Amino acid sequence: ADPLARTRNGYTPLTLAIIEGHKDLVAAAVAQDCAALLCEDCMGRIPLHWAAHLGRHELFELLLQGSKKTGLNKRDENGETPLCAAAHGGHVETMRRLLLLGADSTVRNVTGRTLLHFASASGNSDAVAIALAVCADAVNERCKDGRTALHVATEHGTSYAVGMLLNAGAEPNALDRMRRTPLMSAALRGDVVAIVSLLKYG
């Protein structure tokens with residue numbers, strides 16, 4: 001059987017095994033030093049992206065063994081690396097492992113999103129804490145639509161993450177390209193705790 005066969009989306013049997021969480025199949029591919037370890041799907045994602053995105057940390061560790069850490073900073077068609085995928089999913093164990101191995105914490109995707117943007121979208125304050133620890137100086141960096149990590153946290157994150165970003169120096173009155181502030185996003189969500197924090201810093 002061909003281990004490099006692909007679906008229309010470019011998924012190999014290995015990619016499908018990762019998506020479904022089949023450890024034995026992933027271990028077999030690693031043991032055979034299968035070329036599928038670095039095969040890209042139609043979006044330019046390799047198996048490491050998928051394991052990081054889905055939070056399958058045990059499979060992620062297996063893939064690292066097989067790929068000899070090649071692909072840590074591989075960008076997909078959106079310019080996103082496995083670290084971006086892990087941060088967006090709020091998978092803190094995988095984030096820590098990637099950073100320990102030297103993954104690029106200054107990465108930006110094609111829309112200008114930083115690691116802090118991805119972590120802030122995860123709804124996991126621990127992911128935001130990890131991102132802040134390695135790129136606190138990017139706390140007010142904007143993506144192409146003008147949003148900061150604080151905008152994203154008030155839209156998708158937790159009240160605690162909002163407070164962490166504010167404590168790190170996030171600008172509470174930053175305007176995006178639609179002239180929306182983080183307070184407006186918090187108001188839309190009805191997040192009273194975030195609103196109180198924003199008013200305190202604003």
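**Exercise 1.** Is Lys74 buried, partly exposed or exposed, and what is its relative accessibility?

*Solution.* The model is predicted.
Step 1. The relative accessibility of Lys74 is 22%.
Step 2. Buried means under 20%, and exposed means over 50%.
Step 3. Lys74 therefore counts as partly exposed.

**Exercise 2.** Identify the salt-bridge partner of Lys74 and state where the two residues lie.

*Solution.* 
Step 1. The partner of Lys74 is Glu40, and the closest N and O atoms of this salt bridge are 3.3 Å apart.
Step 2. Glu40 belongs to the loop between α2 (23-31) and α3 (47-54), while Lys74 belongs to the loop between α4 (57-67) and α5 (82-89).
Step 3. Glu40 has a relative accessible area of 36% and is partly exposed.

**Exercise 3.** Determine the N to O distance of the salt bridge between Asp41 and Arg45, and classify both residues by accessibility.

*Solution.* 
Step 1. In general, side chains of opposite charge can pair when their charged atoms come close.
Step 2. For Asp41 and Arg45, the N to O distance is 3.0 Å.
Step 3. A salt bridge requires the nitrogen to be within 4 Å of the carboxyl oxygen, so the pair qualifies.
Step 4. Asp41, at 7% relative accessibility, is buried, whereas Arg45, at 22%, is partly exposed.

**Exercise 4.** Explain why the salt bridge of Arg97 and Glu61 ties together separate parts of the sequence.

*Solution.* 
Step 1. The closest N and O atoms of Arg97 and Glu61 are 2.7 Å apart.
Step 2. Because Arg97 lies in helix α6 (residues 92-100) and Glu61 in helix α4, the bridge joins parts that are 36 residues apart in sequence.
Step 3. Arg97 is partly exposed, at 25% relative accessibility.

**Exercise 5.** State how many salt bridges the whole structure holds, and name the residues of one network.

*Solution.* 
Step 1. A search of the whole structure gives nine salt bridges.
Step 2. One network of salt bridges links Asp145, Arg147 and Glu155.

**Exercise 6.** Explain why helix α10 is described as largely enclosed, and name elements that cover its buried residues.

*Solution.* 
Step 1. The buried residues of α10 are Ser159, Ala161, Val162, Gly163, Met164, Leu165 and Leu166.
Step 2. Helix α10 (residues 159-167) has nine residues, of which seven are buried, so the rest of the structure largely encloses this helix.
Step 3. The covering elements include α7 (115-120), α8 (125-135), α9 (149-156) and α12 (192-201).
Step 4. Just after α10, Gly169 adopts a positive phi of about 105 degrees.

How values were computed
Residues numbered from 1 in each chain as written. Predicted model: local features only at pLDDT ≥ 70, side-chain atom pairs only at ≥ 80, totals over all residues. Heavy atoms only, no water. Salt bridge = Lys/Arg side-chain N within 4 Å of Asp/Glu carboxyl O. Helix = DSSP H or I, 4+ residues; strand = E, 2+ residues; numbered from the N terminus. Buried < 20%, exposed > 50% of the residue type's maximum accessible area, 1.4 Å probe, protein only. Contact = heavy atoms within 4.5 Å.
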